[in-house]
Amino acid sequence: ARYLSLNHFIMSSPKLALSDYGLSSERGFVSNPDPLLTLSAYFKPWDDLAERIPSLQKDSSTLRKLVLDLPLLDHTRLDGSAELHRANLALSTIAHAYVWCEGDEGAPRSIPRVVSVSWVGVSERLGTPPVLTYATISSLNWKRIDPAGPIAFENLRMIRSFTGTNDEHGFFLLNMLVDLAGTPGVQASVDAQQAAIENDDAKVLDSFKVHLGASRT
């Protein structure tokens, strides 16, 4: 048998692109375009309950009853990554609130089918585990107060939260803004990898310098 060299494999690979991984050169790990603010009317039960989570956290019996009363919706009606990420945010918020609203001692051993079936289905389509990830709660969970304004702390709020407090909003939004500031480093990482494939030592070094500068921002 004839074995191809690693170098042959690398050189024959397609050019690397951030878009292949759901990222962008303009915003790195942060959603581009802005996250969807709402889902279609069919999925309104998810959105409505997720929005009420902060006011229900101290009333666990009501929260859990409302979760159990949700209809089992057809997640296959979600179209495209933006809708899937938005649905994942709603379902993750509901599921985690259901489990942890009474703390460790009151955590149930399972999540109701009306949530878990859709949550697992959406997660499989996104290629992520059915759990609240950093990307879901931070990079994909923000909105502009003034839609025409900048992506700046004073013009941002979380789409969904667990407590509704300024502390929670500040914690996750600042993390998102740190990710946004590091965008040049994300692109530089891809540029460095591509330069290595092309044996361009000078470009590899230049890309590392950009990455280092971004990490110090």
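**Ground rules.** I am working on a predicted model, where local features need pLDDT of at least 70, side-chain atom pairs count only at pLDDT 80 or more, and totals for chains, interfaces and linings use all residues. Residues are numbered from 1 along each chain as its sequence is written, and side-chain values use heavy atoms, with hydrogens and water left out.

**Overall layout.** I count 9 helices and 2 strands in the protein. Both come from DSSP runs numbered from the N terminus (helices are H or I, at least four residues; strands are E, at least two). Reading from the N terminus, I get the order α-α-α-α-α-α-β-β-α-α-α. The C-alpha atoms fill a box of roughly 60 × 50 × 35 Å along the principal axes.

I looked up burial next, where buried means under 20% relative accessible area, exposed over 50%, and partly exposed in between (1.4 Å probe, protein chains only). Of the 217 residues in the protein, 41% are buried. For contacts I use heavy atoms within 4.5 Å. Among contacts with a separation of 6 or more, 65% are between residues 24 or more positions apart.

**Helix α4 by itself.** For the 21 residues of α4 that gives 30 Å, and the end C-alpha atoms are 30 Å apart, so the two agree. I also note that 15 of those 21 residues are buried, so α4 is largely enclosed by the rest of the structure.

**α4 against α5.** For packing, axes are lines fitted to C-alpha atoms, for helices over the stretch in contact, and angles run from 0 to 180 degrees between N-to-C directions. The axes of α4 (residues 80-100) and α5 (residues 113-126) come within 9 Å and cross at roughly 140°. That makes α4 oblique to α5. The classes I use: under 35 degrees is roughly parallel, over 145 roughly antiparallel, 65 to 115 roughly perpendicular, and the rest oblique.

The crossing of α4 and α5 is left-handed, meaning the near helix is turned anticlockwise from the far one by less than a right angle (clockwise would be right-handed). From α4 the contact includes Leu 84, His 85, Leu 91 and Ile 94, and from α5 it includes Trp 119, Val 122 and Arg 125. By class I get 8 nonpolar, 7 polar and 1 charged residues in the contact of α4 with α5. Here Ala, Val, Leu, Ile, Met, Phe, Trp, Tyr, Cys and Pro count as nonpolar, Asp, Glu, Lys and Arg as charged, and the others, Gly among them, as polar.

**α3 against α4.** These two pack at about 135°, with their axes 9 Å apart, and are therefore oblique to each other. The crossing of α3 and α4 is left-handed. Leu 63, Arg 64, Val 67 and Leu 68 in α3 meet Ile 94, Ala 97, Tyr 98 and Val 99 in α4. I get 7 nonpolar, no polar and 1 charged residues there.

**α2 against α3.** The axes of α2 and α3 (residues 60-68) come within 10 Å and cross at roughly 165°. That makes α2 roughly antiparallel to α3, and the crossing is left-handed. Leu 49, Arg 52, Ile 53 and Leu 56 of α2 make the contact with α3 residues including Ser 60, Leu 63 and Val 67.

**Ser 60.** Buried or exposed? Ser 60, which lies in helix α3, is buried at 14% relative accessible area. Leaving aside neighbours within four places in sequence, Ser 60 is in contact with Cys 101 and Glu 102. Ser 60 and Val 99 are 39 residues apart in sequence but 9.7 Å apart in space, C-alpha to C-alpha.

**Asp 104.** Asp 104 sits in the loop between α4 and α5 and counts as exposed at 63% relative accessibility.

**Backbone notes.** Most residues other than glycine have a negative phi, and most peptide bonds are trans. The bond from Asn 32 to Pro 33 is cis, with omega near 10°, and Pro 33 lies in the loop between α1 (6-11) and α2 (44-56). Asn 199 has a positive phi, near 55°. I find Asn 199 in the loop between α8 (183-197) and α9 (201-215), exposed at 57%.

Definitions and conventions
Expected span 1.5 Å × (residues − 1).
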